[in-house]
Amino acid sequence: MKKKIPLISTLLIFAAAAVFFTVYKSDTVQTGTFVFWGGNTPFDLLAATTNALNGALLARRPDHYKNFTVVGIMLFAVLGGIGGGVSRDILAGQPVAALTNPAYILLCLVAGVIGYFVAYKQGQIFREGLFQFMTAFSLPWYAIVGAQVGLDAGLPILGCIFLGVVGATAGRYLIDLSCGVPPKQFVQGEWFVVIAILTGIVWLVCDSLGLAMLFSNLIAFGIGFGLRILVLYLASEEPLAKEPPSAYLPDDGRPKLERKLKEESVREMKVIGLPEDDLKKKIDARPKQDGKTS
């Protein structure tokens, strides 16, 4: 492994030098303008960066990992970070913000590097709970920005709400499909799509009432973020569709966010395919509550 490091470093330095030389000598190729402030840009960037980090982490989870390369992990970070925003802007017929503003891709790559080096070892259940908390922060912002983009494009209310859902969920959809697992939007989960819909509706109502954009954003975000954290903490999930008589019924139980943060969930370790011996020792050493350990 050590013999490969100089080669990788040399290739990276060569690529960086080639990009710099091309930009410096060319009259048409430019670096673009990095924009971090103005309108909903900082919130959109924060949502994209958080989702990029989550994309890199998802690609390394045992239930998603398929012998991906380092470049593959970085691509998953970019997919997770800007997949929703790019899909949203294309559907709205707007310039793609993630391509016109290089800050999006740069921040996604930085988040991907961080996610790559976060190993799934001791304390992983705590980190998964923590990143769910961070993702709960990005979900309402993507829904808000999507609704606003739809409104600016002159779309009707259903179109605006749909763009909010696409912006908030398309990145995860692309990652799940690429990893060969059922997309999160279609399986039982913590009201992922419903919260995006509600957040978009709340923002549109606030905007129609003539509230300032800042207040509309804060109100919609507060409701969406609060609901997301609540359902995660309580392990509330959408009801399953009625199954045919011979259909396989999965375990509909899900460890609560509280237990993940406390590293107490043996069941969650089984679900994502992680070793559970060390965690079981911790659980066995603690006082039992109602005879339950997961």
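Guide: A cavity is a set of grid points where a 1.4 Å probe fits but cannot get out, and its lining residues have an atom within 4 Å of a point. The model discussed here is predicted.

Visitor: Which residues line the largest cavity?

Guide: The lining consists of Asp44, Gly81, Ile82, Gly85, Val86, Arg88, Asp89, Ala97, Ala98, Tyr104 and Tyr142. Helix H3 (70-92) and H4 each supply at least two residues of this lining, and the largest share, 6 residues, comes from H3.

Visitor: How many cavities of 30 Å³ or more are there, and how much space lies in the largest cavity?

Guide: The count is 1 cavity of 30 Å³ or more. The largest cavity holds about 40 Å³ of space.

Visitor: Why is Asn101 called buried?

Guide: Buried means under 20% relative accessible area. Asn101 has a relative accessibility of 6%, and therefore counts as buried. The residue is located in the loop between helix H4 (97-100) and helix H5 (103-117).

Visitor: How many aromatic pairs does a search of the whole structure find?

Guide: The search finds 10 aromatic pairs. In one of them, Phe137 and Phe221 have ring centres 4.9 Å apart and planes at 70°. Centres must lie within 6.5 Å for a pair, and planes over 60 degrees apart count as edge-to-face; the pair is therefore edge-to-face. It links distant parts of the chain, with Phe137 in helix H6 (residues 124-152) and Phe221 in helix H9 (residues 213-234), 84 residues apart.

Visitor: Are Phe137 and Phe221 buried or exposed?

Guide: Under 20% is buried, over 50% is exposed, and partly exposed lies in between. Phe221 has a relative accessible area of 12% and is therefore buried. Phe137, at 27%, is therefore partly exposed. Both residues belong to one aromatic cluster, formed by Phe43, Phe137, Trp141, Phe221 and Phe225.

Visitor: What makes the pair of Tyr173 and Phe186 edge-to-face?

Guide: The angle between the planes is 85° and the centre-to-centre distance is 6.0 Å, against cut-offs of over 60 degrees and within 6.5 Å. The pair of Tyr173 and Phe186 is accordingly edge-to-face. Tyr173 is in helix H7 (residues 157-179), and Phe186 is in the loop between H7 and helix H8 (192-208), 13 residues apart. With a relative accessible area of 30%, Tyr173 is partly exposed, whereas Phe186, at 63%, counts as exposed.

Visitor: How do you know that the charged end of Lys184 sits over the ring of Phe192?

Guide: The distance must be within 6 Å of the ring centre, with a direction within 35 degrees of the ring normal. The charged end of Lys184 is 5.6 Å from the centre of the Phe192 ring and sits over it. Arg60 likewise lies over the face of Tyr116, 4.8 Å from the ring centre.

Visitor: How many helices and strands does the protein chain have?

Guide: The protein chain has 12 helices and 0 strands. Of its 294 residues, 42% are buried. Among contacts with a separation of 6 or more, 70% are between residues 24 or more positions apart.

Methods: Residues numbered from 1 in each chain as written. Predicted model: local features only at pLDDT ≥ 70, side-chain atom pairs only at ≥ 80, totals over all residues. Heavy atoms only, no water. Helix = DSSP H or I, 4+ residues; strand = E, 2+ residues; numbered from the N terminus. Buried < 20%, exposed > 50% of the residue type's maximum accessible area, 1.4 Å probe, protein only. Phe/Tyr/Trp six-rings, centres within 6.5 Å; stacked < 30°, edge-to-face > 60°. 1 Å grid on protein atoms, 1.4 Å probe; cavity = no way out; pocket = protein on both sides within 12 Å on 5 of 7 lines; lining within 4 Å. Points joined across faces, edges and corners; volume = space filled by probe spheres on them. Contact = heavy atoms within 4.5 Å.
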